[in-house]
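Here is a briefing on one protein model.

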Amino acid sequence: MADLIKQFKSFDRHSDMSKLRQAKAIAEENNCFIVERGGYDNKEYILYRRVDFAPNQRIGMRRTVAALLTMVNKACVTE
């Protein structure tokens, strides 16, 4: 249990930019991509899955980078 708490705290220490880079890398490895929309104050991150012979499939939208990283992990890694 202490190990999990230590990992979670170290995960929180990463900057938003490094979390975003990590989320984009995970998405690219799993045939997905992330679109950033909005201005500086109200940015939205949308996760899409690439589809060869149809329009790209929208998986979901999040407003924070931490929530985006969690969604990418659930959508891509657990396939």
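E36 and K43 join their side chains in a salt bridge, at 3.6 Å from N to O. A salt bridge here is a side-chain nitrogen of Lys or Arg within 4 Å of a carboxyl oxygen of Asp or Glu. The model is predicted, so local features need pLDDT of at least 70 and side-chain atom pairs count only at pLDDT 80 or more, while totals for chains, interfaces and linings use all residues. Residues are numbered from 1 along each chain as its sequence is written, and side-chain values use heavy atoms, with hydrogens and water left out.

**Salt bridges**

- The whole structure holds five salt bridges.
- Side chains of opposite charge can pair when their charged atoms come close.
- E36 is partly exposed, at 33% relative accessible area. K43 is partly exposed too, at 26%.
- The burial classes are: buried under 20% relative accessible area, exposed over 50%, partly exposed in between (1.4 Å probe, protein chains only).
- R37 and E44 form a salt bridge at 4.0 Å, N to O. R37 is partly exposed, with a relative accessible area of 44%, whereas E44 is buried, at 16%.
- R63 and E44 also form a salt bridge, at 3.3 Å, N to O. R63 lies in the loop between β3 (57-62) and α3 (65-77) and E44 in strand β2, so this pair ties together parts that are 19 residues apart in sequence.
- R63 counts as exposed, at 52% relative accessibility.
- K24, E36 and K43 belong to one network, joined by salt bridges that share partners.

**Largest pocket**

- Which residues line the largest pocket? The lining consists of D16, M17, L20, E36, Y40, K43, Y45 and V65.
- A pocket is found on a 1 Å grid over the protein atoms alone: it is an open set of points where a 1.4 Å probe fits, with protein on both sides within 12 Å along at least five of seven lines. Lining residues have an atom within 4 Å of a point.
- The volume of the largest pocket is about 150 Å³. That volume is the space filled by probe spheres set on the points, with grid points joined across faces, edges and corners.
- Helix α2 (residues 16-29) gives the largest share of the lining, three residues.
- By class, the lining has five nonpolar residues, no polar ones and three charged. Ala, Val, Leu, Ile, Met, Phe, Trp, Tyr, Cys and Pro count as nonpolar; Asp, Glu, Lys and Arg as charged; the others, Gly among them, as polar.
- E36 and K43 are both part of this lining, and their side chains meet in a salt bridge.

**Confidence**

- The protein chain has an average pLDDT of 83, and 80% of the residues score at least 70. pLDDT is the predictor's confidence in each residue, from 0 to 100.
- Contact means heavy atoms within 4.5 Å.

**Fold**

- The protein chain has three helices and three strands. Their pattern along the sequence is α-α-β-β-β-α.
- Helices (H or I, at least four residues) and strands (E, at least two) are DSSP runs, numbered from the N terminus.
- Of the 79 residues in the protein chain, 25% are buried.
- Among contacts between residues at least 6 apart in sequence, 30% join residues at least 24 apart.

**Single residues**

- C76 sits in helix α3. Is C76 buried or exposed? C76 counts as buried, at 2% relative accessibility.
- Leaving aside neighbours within four places in sequence, C76 is in contact with I26, A27, N30 and C32. C76 and I26 are 50 residues apart in sequence and 7.3 Å apart in space, C-alpha to C-alpha.
- A67 is also placed in helix α3 and is partly exposed, at 27% relative accessibility. A67 and Y45 lie 9.5 Å apart, C-alpha to C-alpha, and 22 residues apart in sequence.
- N31 is in the loop between α2 and β1 (32-37). The phi of N31 is near 60 degrees, positive in a residue other than glycine.
- Most residues other than glycine have a negative phi.
- N31 counts as partly exposed, at 40% relative accessibility.
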